[in-house]
Amino acid sequence: MRLTSAISAGLLLACALATGASGQTGGSEGLSPTLSAIKSSHVVRLGYRESSPPFSFLDQAGRPIGYSLELCEAIVEEIGVEVDDPDLKIEYVKVTSDDRIDAVLQNKIDLECGSTTANAERAKRVAFSPLMFVAGTKLMVPKASTVSAVTDLKGKTVVVTKGTTNEQAMHAVDKKFSLGLNIVTSPDHEQSFQMLADGKADAFATDDILLYGLIVRHKAQDKFRVTGDYLSYDPYGIMFRKNEPQLSAVVDRTFRKLGSNHDLVPLYNKWFVARLPTGERLNVPISLQLEEAFKAMDDSPGANN
């Protein structure tokens with residue numbers, strides 16, 4: 001999977017957002033509100049998604065697993081160091097694309113570990129970790145469909161998952177090309193996929209990696225395909241509460257430790273290249289852009305010389 005040069009240029013935005021979150025330095029005595037609450041309760045609440053493989057999904061036993069959750073669990077370890085409590089417990093809290101930002105703002109979760117795009121609009125309300133993945137909106141269509149580009153959808157029905165950047169992208173492309181799309185929403189990616197499978201939509205628009213994940217998860221390679229140019233640029237990050245410099249520093253430190261220990265690429269390969277715990281294999285090699293972003297997090301002596 002290779003992103004276009006236009007998308008790679010968007011990495012500058014992701015870096016700016018991450019720097020904005022981690023660059024706030026706190027001089028406060030004691031712990032920030034989130035860290036103080038965690039120290040008191042001995043619990044970190046992780047928001048997870050049920051159907052965003054391989055980022056955040058359920059295994060056969062119904063337990064939350066995934067790439068984003070493993071990154072969050074590394075952050076929890078670093079929080080334990082910060083609050084001097086190595087035995088912090090994790091509470092997993094289900095969120096959806098529509099309620100995940102509110103879950104952070106309303107203090108229902110401490111870290112959101114899903115497939116969330118870090119963009120300037122959202123950064124006004126919440127903070128994001130450094131870049132952990134780069135995706136973009138594409139289309140899933142039935143194998144027999146004649147659709148190969150978004151302009152082939154004129155007058156047709158497209159399903160999007162409510163509260164996603166993909167929903168915004170489809171409304172923008174509908175307006176730009178005067179397509180007269182019937183854009184319908186569903187609460188989660190699984191239900192969006194099901195609408196397409198049931199013939200209630202002509203295409204399902206979301207991030208390409210999520211489309212590949214759902215096709216593999218459902219063993220539907222002979223039924224559906226992913227098509228079209230990228231319709232958006234979507235850099236992913238772990239989401240948490242804004243204006244907490246100490247928490248931002250802990251999150252940033254976690255990524256830099258993983259980068260310096262050269263753990264980020266193996267972690268990527270575990271979830272995107274190797275066979276998943278649920279038995280499927282996505283086989284999506286790391287993009288050059290993401291590999292370079294991971295190298296930039298390496299603070300070890302001699303790195304990036």
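Which helix and which strand each supply at least two residues of the lining of the largest cavity? They are α7 (165-177) and β12 (203-207), and the section on cavities comes back to them.

## Getting started

Welcome to this predicted model, in which local features need pLDDT of at least 70 and side-chain atom pairs count only at pLDDT 80 or more, while totals for chains, interfaces and linings use all residues. Residues are numbered from 1 along each chain as its sequence is written, and side-chain values use heavy atoms, with hydrogens and water left out.

Helices (H or I, at least four residues) and strands (E, at least two) are DSSP runs, numbered from the N terminus.

## The cavities

The structure has two cavities of 30 Å³ or more. A cavity here is a set of points, on a 1 Å grid over the protein atoms alone, where a 1.4 Å probe fits but cannot get out; lining residues have an atom within 4 Å of a point. Grid points are joined across faces, edges and corners, and a volume is the space filled by probe spheres set on the points.

The largest cavity has a volume of about 60 Å³. Its lining is made of 13 residues, and those nearest the centre are Arg-100, Ser-115, Thr-164, Asn-166 and Asp-207. Sorted by class, the lining holds eight polar, four charged and one nonpolar residue. In this sorting, Ala, Val, Leu, Ile, Met, Phe, Trp, Tyr, Cys and Pro are nonpolar, Asp, Glu, Lys and Arg are charged, and the others, Gly among them, are polar.

## Salt bridges

Side chains of opposite charge can pair when their charged atoms come close. This structure holds 15 salt bridges, each a side-chain nitrogen of Lys or Arg within 4 Å of a carboxyl oxygen of Asp or Glu. One of them joins Arg-49 to Asp-188, at 3.4 Å from N to O. Arg-49 sits in the loop between β1 (43-48) and β2 (51-52), and Asp-188 in the loop between β11 (182-186) and α8 (189-197), so this pair ties together parts that are 139 residues apart in sequence. Both residues are buried, a word for under 20% relative accessible area, with exposed meaning over 50% and partly exposed in between (1.4 Å probe, protein chains only).

Another salt bridge connects Arg-253 with Glu-78, whose closest N and O atoms are 2.8 Å apart. This pair links distant parts of the chain, with Arg-253 in helix α10 (residues 245-260) and Glu-78 in helix α4 (residues 67-82), 175 residues apart. Arg-253 is partly exposed at 29% relative accessible area, whereas Glu-78 is buried at 7%. Glu-78 and Arg-253 also belong to a network of salt bridges with Glu-82 and Lys-257. Within helix α10, Asp-252 and Arg-256 lie four residues apart, about one turn of the helix, and their side chains meet in a salt bridge of 3.3 Å, N to O.

β2, β3 and β4 form an open sheet of three strands, in the order β2-β3-β4 and with antiparallel pairing. Strands β2 and β4 (64-65) stand at the edges with a single partner each, so one side of each has no neighbour in the sheet. Two bridges join β2 to β3 (residues 56-58); strands count as paired if DSSP finds at least two bridges between them. Ser-52 has Ser-56 as its bridge partner in β3.

Elsewhere, strand β8 (residues 133-135) contains Ala-135, which is buried at 0% relative accessible area. Its contacts (heavy atoms within 4.5 Å) include Asp-207, Ile-209 and Tyr-233, leaving aside residues up to four places away in sequence. The C-alpha atoms of Ala-135 and Ile-209 are 6.5 Å apart, although 74 residues separate the two along the chain.

Notes:
On a 1 Å grid over the protein atoms alone, a cavity is a set of points where a 1.4 Å probe fits but cannot get out, and a pocket is an open set with protein on both sides within 12 Å along at least five of seven lines; lining residues have an atom within 4 Å of a point.
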